[in-house]
Amino acid sequence: MRALSYLLITTIKNWFKNLLKTPGLLIVYVLCIAMFGFMLIPSSAFPPPSLERLPYLRAGIYLLFGFILYSGISKGLKSGATFFKMADVNMLFTSPVRAQSILLYGIIGQMGTSLLATLFLLFQVANMRNLLFLDTRGIMALVLGWFLTLVITQIVSLSVYSLTAPHPNRRKAGKYILYGLIGILVGGLLIYVIVQGGKPQSVLDFFGLPFMDYFPLIGWIDGFVTGMIVGDYLKMFLCLGLFVLFPVLGIVFVRRSDSDYYEDVLQTTEQTFMLKAAMKDGKPTARNIMLNVKAGKSGIAGKGTGASTFFYRHLTEQRRTGLMIMDKSSIVIIVLSLIAGFVLKNLTASKEISVFAAGIGSFVGLSYMLFFLTMSGKFTQELSKPFIYLVPASNVAKLFFSNLSTVVKSLVEGLIAFGAITLLAGLPVWFAPAAAVTYATLSQLYISMSILTQRILGGNNSKLLNTMMYFLSGGIILGPGIILFVILQTVFYNVNPDLAVIAYAAAIFYNVFASFLVMYLGRGILEEGNT
Amino acid sequence: MLEVKNLTKKYSSTLANDDLNFSLKGGEIGILLGPNGAGKSTAIKCIMGLLRFSGTILIDGQANKSEEAKRNMGYVPEIPALYELLTVEEHAEFIIRAYKLDKSAYAYADELMERLELADKKKKLGKELSKGMQQKVSIMCALLPRPKMLLLDEPLVGLDPHAIKELKSMLLEARDAGTAIFVSTHMIESVEEIWDQAFIMVNGKIVAARSREEEAEHGDDSLEDLFFSITEGEK
């Protein structure tokens, strides 16, 4: 164990030393912690804490935490998981250090990684207070629940792979159990909603049913978080015990199998290492290492020349890796829009909110999601390859065309998403195209913010620093557009609700103008190949 | 020192290693030759205890996955990967602790760093080193415990001419000190002058084995000729 404690302590010590050498990153961490501390202090700027929004929080936990947990386990069944680095494989696995001790070291390392990933959640502390009416204890509960979900997903994923990988029948059984659980959850929800007469409130009520707290994994973490929020400590500790017991049993199994788990983590560790190395070297096949991509028909789609070749190349890649022009994030957006459509249908039918508010609400919600999904688009990958710097065309044109596929993707998913909401919630017909085009141009604006972030900070920064800068530039660039949109909405809606379309038209104009302006100002990014 | 009996490794439907049998004595350098995808790295990983397999692998009479066997093994992987946040000298410190080496290992670490031209990079973090330098640190870590059995997977890739020369001389010194050395490579000419036993692997099987004595008997028909006659005959 001496070697492992030396490794851990020296790594942490050097991490801090390295942090001191990069003041930008240090400031970001200090700001994050300060912001978190500040947000924990109750303030009159936030609404008073209450349990009114607890059902929404619960539904959110089932959706987001459930997705992380079950998709993590599903990945574990297919290809395994790892919390080891390639250096561990080369130097630790081959050393006389006991395999069980190495496993413990890996879990501790994973907890550290998850802790850093939890820092991202701190950006949402204001939203937790404003939208979910959480108090300090509630925020702590949610942050802790998120952290536990990240750690335990990895451990369960690895254990499941170790347990099933050498035995195809076990793997099949594991899949049946996992899909069975998801089926019970989704089927149960549908049946309950139908029995309750299709009321949107019944969706929220379903997750609050007492026995749901004991539904494997997701119910336990929900029970832990909500138990802590409402002060039901018996439920909190019981659910925490169940949630932690599950991976502990997994670890016991892996320990019993002695060093055989080495093979289980080897493939994923190698893949992750190769992917990172390929991305560092700017190899165009970087993404393909992780994805099971088949070439299919050969040849660049369309007839692009010069800068537009980037767009057609993206279309060709998209055909191989995505769902036509769309990708997995589009599915998330479309599923959310369907849920929103059903909820808004009932809310507008019962006159709880106006059609106008339903439209605005869905547009703001999906645009907010897009803000996060656009942050690391194709553009960032393009910058790591030499071609964008070398092709003889204007920088603005290259920036535009290398991002066009993302904009087209957003337009298609926007038309489907807002089309569904328009149909379900009975919104005016103009809403779907107007919102979809605004949404697509907004994606272009988000990309330009990403360009600005890269331009100001340069490359090779931590994700956290980039995210912070992206948020900051978002406030500055989006601000005037949001103000313009809100004013025009208010003014024209009062004259005639259908005239609110003018606000969307103005937003489209602003988005296009601002994105081109930012791209123009940031065009120098293509003159510095070291970014 | 190394005994491999009926080693078979299967990945779902792919047979990566098919009933391999070979052995290597202490003080011998064995080379494993084969085209890309022949199964060389899989065999090395099985010997190093990184993969499940059927068959028996013994290191100095001990099962290869046992702690005793690992104490006697050194490994230079195909792709060097260091701890990004550990300096070069901290890598040495880590190995000394992991293998529970005595105090004399510190002096030996200094000697290895000197010979591999790492002395002026002692305080550099793993992530600050070039690939060639990382390879040198991997070699230092493998040699530091003075293993009885040393496995090297394509060790010469990425090294500069000086490092190649130094590594060869280190391997010969280790051999003379009684270490069994097993090198997987597809660069025959680079190991031409140092091998004692050669195994040629194609499609997961060892299709030919030759000792240095046999090589002498074959006269003009060199190992390289044998390799090409086998691998090109396969096409």
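Which residue is the bridge partner of Leu152(B) in β8(B)?

1. The model is predicted. In it, Leu152(B) has Val183(B) as its bridge partner in β8(B). The two strands concerned, β7(B) and β8(B), run parallel and are joined by 5 bridges. In general, the strands of a sheet pair through backbone hydrogen bonds, in either a parallel or an antiparallel manner.

2. Strand β8(B) also pairs with β3(B), again in the parallel sense and over 5 bridges. Within this pairing, Leu32(B) has Ser184(B) as its bridge partner in β8(B). Strand β3 (residues 29–33) of chain B pairs in turn with strand β9 (residues 197–202) of chain B, in the parallel sense over 4 bridges. Here Gly30(B) stands opposite Gln197(B) in β9(B).

3. These pairings belong to an open sheet of 6 strands in chain B, in the order β6-β7-β8-β3-β9-β10, with mixed pairing. Strands β6 (73–76) and β10 (205–211) of chain B each have a single partner strand and stand at the edges, so each has one side without a neighbour in the sheet. On average, neighbouring strands of the sheet are turned by 15° against each other, when direction is ignored.

4. Is β8(B) largely enclosed or left open by the rest of the structure? Of its 6 residues, 6 are buried, so β8(B) is largely enclosed. In a regular strand, side chains alternate between the two faces of the sheet. In β8(B), Ala180(B), Phe182(B) and Ser184(B) point one way, while Ile181(B), Val183(B) and Thr185(B) point the other way, and all are buried.

5. Helix α5 (residues 131–143) of chain B lies across β6 and β7 (149–153) of chain B, and runs at about 175° to β6(B). Helix α6 (residues 161–176) of chain B packs on the sheet and touches β3, β7 and β8 (180–185) of chain B. The direction of α6 in chain B makes about 145° with that of β8(B).

6. Glu192(B) lies in the loop between α7 (188–191) and β9 of chain B. Because 14 other C-beta atoms lie within 10 Å, Glu192(B) is classed as partly exposed.

7. For chain B as a whole, the secondary structure comes to 9 helices and 10 strands. Of its 235 residues, 47% are buried. Of the contacts between residues at least 6 apart in sequence, 71% join residues at least 24 apart.

8. Chain A meets chain B through 27 residues, which are in contact with 26 residues of chain B. The elements giving two or more residues to this side of chain A are α1 (2–21), α4 (86–92) and α12 (261–281). The largest share, 9 residues, comes from α1(A). By class, this side of chain A has 15 nonpolar, 8 polar and 4 charged residues.

9. Within chain A, helix α5 (residues 99–118) and helix α7 (residues 136–164) pack at an angle of about 140°, with their axes 9 Å apart. They are therefore oblique to each other, and α5(A) passes α7(A) in a right-handed crossing. The contact includes Ile107(A) and Met111(A) from α5(A), and Trp146(A) and Phe147(A) from α7(A). By class, this contact has 10 nonpolar, 4 polar and no charged residues.

Methods
Residues numbered from 1 in each chain as written. Chains lettered and ligands numbered in written order. Predicted model: local features only at pLDDT ≥ 70, side-chain atom pairs only at ≥ 80, totals over all residues. Axes fitted to C-alpha atoms, helices over the stretch in contact; angles between N-to-C directions. Parallel < 35°, antiparallel > 145°, perpendicular 65-115°, else oblique. Left-handed = near helix turned anticlockwise from the far one by under 90°. Contact = placed C-beta atoms within 7 Å. Nonpolar A, V, L, I, M, F, W, Y, C, P; charged D, E, K, R; others polar. Buried ≥ 20, exposed ≤ 12 C-beta atoms within 10 Å, placed from the backbone. Pairing = 2+ DSSP bridges.
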